[in-house]
Amino acid sequence: MSPAVEWTLFLLLATGAIAGAYRMLRTMSMVRAGIFLMGSFCSIAGLFLLLSADLIAAMQIMMYVGGMLVMIVFMVMMSPDPGGSMMGIAPPEEEMDMQRGSKQHHDMQGDRMNQSHESADEKQYTCPMHPDVRSDSPGKCPRCGMKLQPTSGAEHGVMEMQGMDMAMTHEFTRPAAIIGFIAGAVLLAAVLSFDWPSAPGLANFDSGLIVGKELLSRYMIAFEAAAILIITGMVGAVILGRRE
Amino acid sequence: MSVPLAAYLAVSAVLFGIGVFGVLSQRGAVMVLMSAEVILNAAMLNTIAFWRYRAPNDFAGQIFALVILTIAAVEMAVGLAVMVMIYRRRKMQMVDKIAELRG
Amino acid sequence: MNVLTNAAYALLLFAIGTFLTATLDTAIRERVWHPKRLVQNISQLVDALLRSDPGHKRIDRVLFFGAAPLAVAAVSVALLVVPVGNWGLAGPSLKVGVFFYLVVLDFLAVALLMAGWGANHKFGTEGAFAVVAQLVSYVVPLGFAVTGAVMAAQSLAATAAVQAQKGLWFGLWQPLGLAIYLVATFGQTFRPPADLPLSEDSNVLIEHHGAGEALLRIALYGIWFSAAAMGATLFLGGWRGPWLPGPLWFVVKTAALLALMSWAGKRYRRLTLKQMLRGAWLILIPASIVNVIIVGLILMVKR
Amino acid sequence: MTPLWLIPVLPVVAMVAILSLPQRWTRHAGGIASSGAGFATALMTVHLAATARGVQHASTTRLTFAGTTVDVGLATDPLSAVMGTLVAVTATLVLVYSIGYMAEDQGKRRFFAVMSLFTGAMLSLVLASDYLVLYLSWEAVGLCSYLLIGHYWQQQNASRAAFKAFLVTRIGDLGLLFAVVLMFAGLGTARFDAVLAPGPAGTPGLPFASVIAVLIVVGALGKSAQFPLHWWLPDAMAGPTPVSALIHSATMVAAGIYLLARSFPLLNAAPAAHNLILIAALVTTFGSALAAAAQTDVKRLLAYSTMSQLGEMGLAVALALPFAAVFQLIAHATFKALLFLAAGVVAQAAGSNALTGLPNSRVARWGFLAGALSLSGIPPCAGFWSKTAVTTGAPPALRVIFSALTFLSSFYIARAFFLGFTGRAQARTSEPLSFRIPMYALAGITLVTGFLWWPLAGLLRAPRPHLGREAAADVLVAGLGWAVAAALYKWRALNAAAFREQARGLQGLLKGGFGTDALPLAFARVASSVFQAVAAFETNVLDALSSAVARGVLRVAYGAGIVENGVFDRGSSAVAESAWRMATRTNWLDLRLLDRSVLRSAFALRDLGGRLRPLQTGRIYHYLAAVFLWIVVASAIAFALRW
């Protein structure tokens, strides 16, 4: 491949990976986070292809695409607001930009909501038993399943919402950011300050065949260890997950 | 291979940073798990980069990457199992609310 | 340069393939032979492509609109690897060909999940989860069935598989492998007996109208065609045949498999999710493992 | 030729089989498994004894650990082959007997497993070709005896007796252990031929020879319940009867004597060891003989009798007659097992071991009688031949002691017979087949071994007994003992009428026994007249004399018992008293000095803990933050250093 093509591909995939990872942390909706992460992993697989490790690339995609799908299902099953619509319901008109536009109430149990766009935007709906549950569309309260009653709308910033603190991150965010930044910076400094060797020639070979042979000959132990690790992991997961 | 090794390592460093930030900041336990996956991937990218630039005919690098992949898989499986257990008992999985295991 | 030729090859194959499968499927299902009726059926699909697919205010814009292109992309990349004739194309002779094909299949599931979830509708969500459940449980038997064939061919490349079947087709001395492969494709490509995610009360494609829905349906046809094509390559000897030219054999064999599958679709009632999953985990996976063992033994004996 | 190591392994295999069989098989598997093992070993040993005509087998394995190589294994020479046969045969018979005996016992499965293990261990002890294997099996045998004595662990005395037996034999085993260690230190190997090879000028080539000899004797004393370490054997009777029959009469306790016989060249050269055996044997034989005479419990009586017999064997070894001792051991094994089995039958039926209340069982009576005769050395039985073997070899001075011993032993065994087995108890017990077979077999053996003496003596290169005057004198003394006991316990208790009935009983026996009518009638008439004359003589002359002698003997016996209790009990309580006082003093010291300093440091630790507590927030991201921070810091340092 000519250097130009290679560079563009590399930059494309690198930004894909980094952007995917970053967007995953920032987006409110769980499912979207899953998809972004899956995008990031696929671009990493692309990087592997660039590094001509095609077997690992294929393995990476297979592992993570399946894995992420399951992860998304779990997130939806377990997080209070998978759709990310409960939080930060700013007055819909001004901030209709891309990212926050999808702030609709997404209710697992309710049927198809307000197909007709009556002027529900100003009125707010709340649950008699859980005053802190606020939603701008009729339906059932996620906590106790009771019918939501209309009430006067109130300005909800992301953080000031009483009771149900739905923020995606907890109060440790600031120091976390600092630590993350320092970690990245130190590694980056280390990486950039050394003169790494240039890439030697690579005979075009069938990596699947060779890795297969290596796994069963020289690296038998690694292969067996990995196998045992997987089996114990799975058994452990099944036992933990079993419903009494 | 006009793209230098440093570039790949830089990408993995940034990914590592993002992963660390994710693990430490996210409230949802599943999100923490996914950020951990990002860190593991950063490590794997490093391994493959070094394999390609240092010793492409000795396939130890790729096999090491495979092992990392297995670890990631098992980590996901067991992590989700634990998540299910916590959720069943506490009906929520916000990391900052789960803090009983202390002195 | 050959990147472009490969891409062209894939897209062309995608177009012809889906057209062929669509006509064959409607022919078998509605028992219609007259060319005029066939064309009329396909034309509906085409003009649907032209109508826009607005979606309603409540949808998750990124996911909803991202689904269709991703699906089509996934299918065409999958077709990249299928060897139609004896042309020295890079795609089919890709070293990790068959494995790559298996991997790319999953992207279709991602697309359907995005479509279902994005629609912000009860049926869509249910369908999306059915898709994920089906994918996770049917990729394993499919993988093992393919492993059988790949073991015989000594390499992951699809062309190697065709070469290795010079003497005896894999499908003949690995009947269990072929059977498992076909049943698994029902699960993977959501064809009739296993098309719960496309059924009325949990339809992934709800809220999708016009171009979006058409593209997704075309993608489904495409993935079904690619599955049949890969099945023909791995088990029925691909484009290799005594009298007819290469590609013609390929078309005949794929058409045979497609006909068999759509006939089975017509004959059996739709499986509930519970039956499907139980079938995959309790019957197919053990059977496929047994198949791999049998193939391994045969190979050891032959070598 | 079947491999040698198979012999001890077979019973162990049987043990494993018994333990691993599912629950519902234990009902009869226990008995069969162990008897099967018993037969297998018996066959094996008989086969070996046959090849003992000069054909020696050995199976040694070379063990190397930590640089030193030790060759360990089994070997047959005439002594071990004979002993092996003895152990195997007695084990088989006792196991058959115990099928019936343990029929209702719940712990039957455990019992038979340990018995098989014991047989295996005993066989390997006997067949060992070096002291190391001998010591290992010595320990295994000790363990089995502990387990078997404590078989009825529900009963308090049984478990205490087992513990006592184990502890005391342990003391002996320590001696043997040190001996083996010294052998390795000195010679680097423990093989018999190396250790017992005569060194220059007759003294064994082994360094510290005398010390090893003494230690071996200590080991033997412990195991064979000789004087200093003897008081565990009577209590060991708390175990089931087959255990006492096999272990505490025939095999285990004999192991000590076998050890002495085996390492005889070593002992012979060491005067210290020589005297130790002599003293221990003398004290034990007389003390326990007297004690036996005073016993009311049949099994304790037999236990004391075993101790006295063992003492006698020890004496034989001390008198440089190792092979006579071995032959005495063989004879003793058979008749003592017989006595125990007989006693066991009636004791189990009566539910208690008391001598008087035993029910009347024909098989048991005849078995006990045969054993008693053999013990007191009446001619046809084995006991006579082994006693004469010992007495002929003994110097004239000691012969008096031996005859006194003969009198005492015949007296107490006759007393036991008349009190226990000729009483008028009405209850009759019928014995199942599994009781009868071993009884008849053992009775047969006790009669036959006598005639085996010639081939055995030749095999063991032992002096042949010449049936001279001393032998006759001994028989007379034994007869006297029986007469005294009979007079004291049987006839005096009977009036003339009862006596006549006895005669008629004899007559009936004779008629049935010999078939021709004329002869028994005549003989019966003669016998009854003789008895009448004797009865008359007895009523006036003998009565006074025998009661005086008996009363003297009894008084001495009770005295010995009292002395023994007095001396030992008072001594030990004194020691305990002083130890207790010393303990209270140190306690005061400990309270005053140590507590204060310890407590203070404890409080310091506690509040340090308090300060550290907030570090543990329970939130995972805090911990993870610490981890990542450390990674960053570490990589920074590494990076700085390298650069």
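Me: What percentage of the 303 residues in chain C is buried?
Reply: This is a predicted model, in which local features need pLDDT of at least 70, side-chain atom pairs count only at pLDDT 80 or more, and totals for chains, interfaces and linings use all residues. Residues are numbered from 1 along each chain as its sequence is written, while chains are lettered from A and ligands numbered from 1 in the order in which they are written. A residue is buried if 20 or more other C-beta atoms lie within 10 Å of its own, exposed if 12 or fewer, and partly exposed in between, with C-beta atoms placed from the backbone. For the 303 residues of chain C, the buried part is 55%.

Me: How many helices and strands does chain C have?
Reply: Helices (H or I, at least four residues) and strands (E, at least two) are DSSP runs, numbered from the N terminus. Read from the N terminus, chain C runs α-α-α-α-α-α-α-α-α-α-α. The count is 11 helices and 0 strands.

Me: Which residues have the most contacts inside the largest nonpolar core?
Reply: A nonpolar core is a set of buried Ala, Val, Leu, Ile, Met, Phe, Trp, Tyr and Cys residues joined through C-beta atoms within 7 Å. The largest one has 205 residues. Setting aside neighbours within four places in sequence, Leu108(C) is in contact (C-beta atoms, placed from the backbone, within 7 Å) with Ala71(C), Ala74(C), Val75(C), Ala219(C) and Ile223(C). The residues with the most contacts inside this core are Ala71(C), Leu108(C) and Ala111(C).

Me: How many of the residues of helix H10 of chain D are buried?
Reply: In chain D, 47% of the 643 residues count as buried. Helix H10 (residues 241-250) of chain D is mostly covered. Its buried residues include Pro242(D), Leu246(D) and His248(D). The count for H10(D) is 10 of 10.

Me: Is H3(D) roughly parallel or antiparallel to H4(D)?
Reply: Axes are lines fitted to C-alpha atoms, for helices over the stretch in contact, and angles run from 0 to 180 degrees between N-to-C directions. Helix H3 (residues 78-101) and helix H4 (residues 108-127) of chain D pack at about 170°, their axes 9 Å apart. Angles under 35 degrees count as roughly parallel, over 145 as roughly antiparallel, 65 to 115 as roughly perpendicular and the rest as oblique. H3(D) is therefore, relative to H4(D), roughly antiparallel.

Me: Which helix gives the largest share of the side of chain A that touches chain B?
Reply: In this contact, 70 residues of chain A meet 63 residues of chain B. The elements of chain A giving two or more residues include helix H1 (3-26), helix H5 (173-193) and helix H7 (220-241). By class, this side of chain A has 55 nonpolar (Ala, Val, Leu, Ile, Met, Phe, Trp, Tyr, Cys and Pro), 2 charged (Asp, Glu, Lys and Arg) and 13 polar residues (the others, Gly among them). The largest share, 12 residues, comes from H5(A).

Key
Contact = placed C-beta atoms within 7 Å.
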